[in-house]
Amino acid sequence: MKITAVKGFNDILPEDSPKWQFIEKIARNTFHSYGFSEIRIPIVEKTEVFARSIGEATDIVEKEMYSFPDRNDLSLTLRPEGTAVVVRSFVQNAIYAKKPVNKLYYFGPMFRYERPQKGRYRQFHQIGAEIFGAAEPMADAEIMSMIMRFFTEVGLTGLSLQINSLGCDECRKVYKEKLVEYLTGHKENICDNCTRRLKKNPLRFLDCKAASCNELKTNAPSILDSICGACADHFKSVKNYLDALNTPYEINDQMVRGLDYYSRTTFEVTTNMLGAQNAVAAGGRYDKLCEMFSGPKTPAIGFALGVERLILLLDTSKDYERKTKLFIAALGQEARDFSFKLINQLRAKNISCEMTYSDNSLKSQMRRAGKNESQHVLIIGEDEMKSGSAIIRDMSTKEQTSFSLDDITNKIMEYCS
Ligand code: ATP
Ligand code: MG
């Protein structure tokens with residue numbers, strides 16, 4: 001019987017991996033230019049890392065976590081997101097003591113038990129970044145501007161940066177009351193899920209996709225009318241700094257994030273090309289999270305972007321693959337022995353090259369060069385070995401040049417570069 005992969009867990013095949021490498025490279029370059037360093041965090045954590053921080057009445061904790069007891073009955077969870085893990089590590093390793101402001105980024109798989117569909121999988125990948133130790137609105141604007149710069153570098157346009165402020169605990173208390181009052185007045189129209197969440201987490205109503213709830217949102221009170229003076233000032237500065245950085249944004253006062261730990265600024269980057277899976281990246285400020293992990297009070301802000309969704313948006317006409325530069329078609333034992341050593345020298349000089357393992361016909365070797373999409377083919381047969389020269393063919397122009405075999409490594413390097 002054939003064994004297949006677990007539902008919602010995907011292979012990233014060789015023809016697709018160049019896109020992943022392209023994205024990772026741009027992320028690294030962009031994030032490094034903003035002073036971020038990489039942190040590599042475990043995939044499995046104690047369940048409490050997420051249960052405690054993300055919030056009990058959230059989709060992730062209520063129904064999406066892959067949790068299991070290990071052989072010693074310790075409850076473990078495959079990480080559903082990165083921020084809580086980074087915070088756990090930040091506190092555990094006293095990263096806060098190293099510098100007043102720490103900027104960290106991570107790459108890697110996340111796991112959520114969701115219904116697999118286009119842009120939604122059970123193992124998916126996020127690239128995330130966090131700034132620790134900055135409460136100032138400049139940090140909010142900088143990180144949002146960085147993510148938009150990253151999307152530009154990747155070649156994506158038509159994305160919208162949506163921003164909102166959830167205020168502080170005080171503002172949210174005021175807002176929750178207003179929202180509960182509004183929703184209680186329309187009890188008969190809200191969905192079962194929201195009725196259940198009304199007490200625990202009424203803000204989730206704004207995130208609800210049920211048609212009846214959607215209609216009610218139009219006249220729902222806005223959180224931006226409930227935020228206190230200090231939170232309003234913060235939000236105003238964030239907008240001013242975004243303007244200063246020429247980063248366009250839209251205010252979306254109905255955007256609440258699926259995680260409980262956010263305060264003040266929250267944001268999402270959305271596309272209109274992926275149907276319901278319209279969020280490519282999301283993040284926000286989480287000034288209280290470090291304390292929840294028994295760390296020192298450390299204001300922080302971060303985001304995570306979904307790599308699979310980003311890949312679905314990439315320009316498919318662009319060539320992301322790094323091709324084999326040179327293929328050596330070698331015929332006859334003497335030429336093959338010579339070529340085997342030659343490719344070794346070229347590879348040591350970072351020229352990507354290939355030859356066949358078996359002494360196939362020239363036609364078959366040329367076909368292989370075609371499959372490899374090699375840019376150049378060096379043809380060396382018995383006659384060439386005798387005459388001390390070889391032919392190099394540019395596969396796109398079909399132009400052929402003859403080379404003497406003396407000093408061939410340097411000549412090829414010059415030709416191929
Ligand atoms: P959604 O509303 O689409 O479920 P979310 O609010 O649960 O998204 P976050 O927890 O904020 O998502 O994660 C940040 C990003 O990770 C999302 O914007 C999305 O691009 C990506 N993402 C989240 N869940 C999945 C998934 N199951 N499969 C693929 N990508 C995902
Ligand atoms: Mg989700």
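1. C353 is buried, with a relative accessible area of 5%, where buried means under 20% relative accessible area, exposed over 50%, and partly exposed in between, judged with a 1.4 Å probe and the protein chains only. The structure holds zero disulfides, a disulfide being a pair of cysteine sulfur atoms within 2.5 Å. C353 is accordingly in no disulfide, and the nearest cysteine sulfur, that of C416, is 8.2 Å away. C228 is likewise in no disulfide, with the nearest cysteine sulfur, that of C171, at 3.6 Å; at 30% relative accessibility, C228 counts as partly exposed.

2. On the basis of these values: this is a predicted model, in which local features need pLDDT of at least 70 and side-chain atom pairs count only at pLDDT 80 or more, while totals for chains, interfaces and linings use all residues. Residues are numbered from 1 along each chain as its sequence is written, chains are lettered from A and ligands numbered from 1 in the order in which they are written, and side-chain values use heavy atoms, with hydrogens and water left out.

3. The domain assignment of the chain gives domain 1 (17-168 + 227-312) and domain 2 (326-416), with bounds that come from an automatic or database domain assignment. The C-alpha centres of domain 1 and domain 2 lie 49 Å apart.

4. Of the 15 residues around ligand 1, those that come nearest are R112, E114, R120, Y121 and R257, a residue being near a molecule or strand if one of its heavy atoms lies within 4 Å of it. The residues of this shell divide into seven nonpolar, three polar and five charged; here Ala, Val, Leu, Ile, Met, Phe, Trp, Tyr, Cys and Pro count as nonpolar, Asp, Glu, Lys and Arg as charged, and the others, Gly among them, as polar. At least two residues of the shell are supplied by each of β6 (123-132), β10 (279-285) and β11 (300-306), and β10 gives the most, with four residues. Helices (H or I, at least four residues) and strands (E, at least two) are DSSP runs, numbered from the N terminus.

5. An oxygen atom of ligand 1 is 2.8 Å from an N or O atom in the side chain of R112, and a nitrogen atom of the ligand is 2.7 Å from an N or O atom in the side chain of E114. From the backbone, an N or O atom of G306 lies 3.4 Å from an oxygen atom of ligand 1. Taken alone, ligand 1 exposes 580 Å², and the protein buries 89% of that, with accessible areas from the Shrake-Rupley method with a 1.4 Å probe.

6. D287 is found in the loop between β10 and α10 (289-292) and is buried, with a relative accessible area of 17%. The side chain of D287 makes a polar contact with the side chain of R285 (2.8 Å); such a contact is a pair of N or O atoms within 3.5 Å, and within protein one must be able to donate a hydrogen and the other to accept it, while residues adjacent in sequence count only if both atoms are side-chain atoms. A polar atom of the D287 side chain also lies 3.2 Å from the backbone nitrogen of A300.

7. Two backbone angles deserve a look. Most residues other than glycine have a negative phi. D73, although not a glycine, has a positive phi of about 65°; D73 is placed in the loop between β3 (66-69) and β4 (75-78) and, at 66% relative accessibility, counts as exposed. E373, also not a glycine, has a positive phi of about 50°; E373 sits in the loop between α13 (362-371) and β14 (376-380) and is partly exposed, with a relative accessible area of 43%.
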